[in-house]
Amino acid sequence: MSKSFYYIFVLILITASCDSAKEHTAEAIRDEDSVAMMTSYGINTLISDSGIMRYRIIAERWEVNDNLNPPRWIFPRGLFLEQFDEKFHVETYIQSDTAHYYTIQKLWHLWGNVRIKTVDGLIFTSEELYWDQNRHELYSNMFSHLVTPERELQGAYFTSDERMRHYKISDSKGSFTREDFENGNDNGNGNTNTNTNTNANVSDSVPKRQAATPRKR
């Protein structure tokens with residue numbers, strides 16, 4: 001075999017191997033592939049808002065993950081949160097089995113045995129709750145139960161201000177005081193017990209607010 005023929009033969013083999021080469025690419029990164037930037041255990045810390053201490057967070061595990069879209073804090077093993085007033089007095093206690101805080105939207109998403117208790121004696125329970133800190137609003141699209149020293153309410157949709165002073169529940173059932181009605185029927189003890197869809201603190205016109213972030217967990 002001549003050298004020239006040998007070189008031509010090798011060149012043909014190299015060209016053929018290049019034509020048949022395949023590009024190997026990895027799968028797209030998924031949420032579960034994104035590692036938290038920080039993971040802390042046994043958390044008991046104060047959180048400020050606009051330079052003022054507003055909240056105390058107590059959690060077994062806290063993950064800070066900016067690799068997810070949108071970025072968020074994750075509390076996979078439960079959350080207990082205290083909310084303070086301007087004088088650093090505790091106003092509200094909030095707890096849930098799981099919680100996400102979307103840092104850009106300033107939105108809390110809590111689910112699993114959500115419970116709120118205020119110093120005024122109000123107790124709220126539901127399986128899911130959103131807390132929009134930009135709107136200063138709490139809301140839930142799931143069945144909610146609310147008890148105060150004066151009344152008891154339950155319904156399919158709940159919305160309230162952050163301090164739980166002004167709240168609305170749609171499709172409600174419960175017991176109400178006579179002041180809840182413009183023309184209530186007195187049953188002799190000053191209270192009106194009924195099942196209704198209209199009262200001073202309940203409105204059926206509340207819009208079904210959509211969550212600001214995906215529900216995918």
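## Starting from His136

At 47% relative accessibility, His136 counts as partly exposed; that class sits between buried (under 20% relative accessible area) and exposed (over 50%), with a 1.4 Å probe and protein chains only as cover. You'll find His136 in the loop between strand 8 (123–132) and strand 9 (137–140); helices (H or I, at least four residues) and strands (E, at least two) are DSSP runs, numbered from the N terminus. His136 isn't a glycine, yet has a positive phi of about 55 degrees.

A word on the ground rules. This is a predicted model, so local features need pLDDT of at least 70 and side-chain atom pairs count only at pLDDT 80 or more, while totals for chains, interfaces and linings use all residues. Residues are numbered from 1 along each chain as its sequence is written, and side-chain values use heavy atoms, with hydrogens and water left out.

Stepping back, the chain has one helix and 15 strands. Of its 217 residues, 39% count as buried. Take the contacts (heavy atoms within 4.5 Å) with a separation of 6 or more: 39% of them are between residues 24 or more positions apart. The accessible surface, from the Shrake-Rupley method with a 1.4 Å probe, comes to about 13300 Å², and 51% of that belongs to carbon and sulfur atoms.

How far can you trust it? The chain averages a pLDDT (the predictor's confidence in each residue, from 0 to 100) of 76, and 64% of the residues score at least 70. Where pLDDT is low, the predicted coordinates should not be read in detail.

Now to strand 6 itself, residues 98–102, where five of five residues are buried. In a regular strand the side chains alternate between the two faces of the sheet. Here Thr98, His100 and Tyr102 point one way, Ala99 and Tyr101 the other way, and all are buried. Strand 6 pairs on to two others, pairing being called if DSSP finds at least two bridges. Four bridges join it, antiparallel, to strand 3 (residues 72–75), with Tyr102 as the partner of Arg72. Strands 6 and 7 form a hairpin with four residues between them, and Lys106 in the turn has a positive phi of about 55 degrees.

Most residues other than glycine have a negative phi, and most peptide bonds are trans. Asn113 has a positive phi near 50 degrees, and this residue is found in strand 7. The peptide bond from Asn69 to Pro70 is cis, with omega near 0 degrees; Pro70 sits in the loop between strand 2 (52–65) and strand 3.

Finally, the surface. Leu46, Met53 and Phe88 make a nonpolar patch of about 240 Å². Nonpolar patches join side chains of Val, Leu, Ile, Met, Phe, Trp or Tyr within 5 Å, from residues with over 30% relative accessible area and no salt bridge, while like charges are joined within 9 Å; a salt bridge is a side-chain nitrogen of Lys or Arg within 4 Å of a carboxyl oxygen of Asp or Glu. Leu46 belongs to strand 1 (residues 38–49) and is partly exposed, with a relative accessible area of 33%.
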